[in-house]
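Work through the exercises below with the model open. Try each task before you read its solution.

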Amino acid sequence: MQPDNNQQRSNIFFMDSAQESQEEKEAQQEHNNGISSSLHYSTTNITLVSPKPTPTSPTSATSSTSPSSSSSTSTTSRYENQKRRDWNTFGQYLRNHRPPLSLPRCSGAHVLEFLRYLDQFGKTKVHTQICPFFGHPSPPGPCPCPLRQAWGSLDALIGRLRAAFEEHGGKPEANPFGTRAVRLYLREVRDTQAKARGISYEKKKRKRHPQPPSLPPPTPPPPPPLTMPPS
């Protein structure tokens, strides 16, 4: 009976070894499948995820532009904003006019009415001729003289409205802001305020640096005296 027991133990050992070998193979196969699936998952994720563009910060964008271009851009934007507000104000004035006016029917006379209407919002003191401070650029005290719109403000306003009229489809020859009556009115306001406030609005001429006097060309030296050969 002893050999049968040994044979039985040998068969059990081989069966256990074969089973362990089969389990190791299955474990190795699962491990390989796991690695393959994980690589496929990571590859799929890499393929699906696209790199996001790096946003440009406002600081870097601002620093890349030169100071001169940024200042010119800001000046242009302020001018355009002011021109749009002026145009809207004039359109509101036309709608509130009695009777209401349309832009094609607007003339230079209506522009003058608009300018005189704006005087009630002025902040520039314009002295009358009977005022003791007439012609005084820096009056020492208050006076009852009226406040008006400054000539410079009106001149700039007309320039913006004249440009806005043509930008909105108006013809240059029919521009009410460029009529002769408007130009004469602005000139009268300029001269009146210059005398009343003692301020000159004339453009300052550039001072030309005096050029040094040109020197006369140098005179050539006199020719040498002639010598007579000995006889």
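Helices (H or I, at least four residues) and strands (E, at least two) are DSSP runs, numbered from the N terminus. Residues are numbered from 1 along each chain as its sequence is written. This is a predicted model, in which local features need pLDDT of at least 70, side-chain atom pairs count only at pLDDT 80 or more, and totals for chains, interfaces and linings use all residues; side-chain values use heavy atoms, with hydrogens and water left out.

**Exercise 1. Confidence**

Find the mean pLDDT of the protein chain, then look at residues 5-17.

*Solution.* Start with the term: pLDDT is the predictor's confidence in each residue, from 0 to 100. The mean for the protein chain is 75. Of its residues, 60% reach 70 or more. Next, take residues 5-17: pLDDT stays under 50 there. A contact means heavy atoms within 4.5 Å. Residues 5-17 have 0 contacts beyond four places in sequence.

**Exercise 2. Elements and burial**

How many helices and strands does the protein chain have, and what share of its residues is buried?

*Solution.* Count the elements: 6 helices and 2 strands. Now put them in order. From the N terminus, the run is α-α-α-α-β-β-α-α. Then turn to burial. Buried means under 20% relative accessible area (1.4 Å probe, protein chains only). By that cut-off, 21% of the 231 residues are buried.

**Exercise 3. The largest pocket**

Give the volume of the largest pocket and describe its lining.

*Solution.* First, the term. On a 1 Å grid over the protein atoms alone, a pocket is an open set of points where a 1.4 Å probe fits, with protein on both sides within 12 Å along at least five of seven lines; lining residues have an atom within 4 Å of a point. A volume is the space filled by probe spheres set on the points, which are joined across faces, edges and corners. Here the volume is about 240 Å³. The lining has 15 residues; V126, R148, V189, T192 and Q193 lie nearest the centre. Helix 6 (residues 180-197) gives the largest share, 6 residues. Sort the lining by class: Ala, Val, Leu, Ile, Met, Phe, Trp, Tyr, Cys and Pro are nonpolar, Asp, Glu, Lys and Arg charged, the others, Gly among them, polar.

Notes
Buried means under 20% relative accessible area, exposed over 50%, partly exposed in between (1.4 Å probe, protein chains only).
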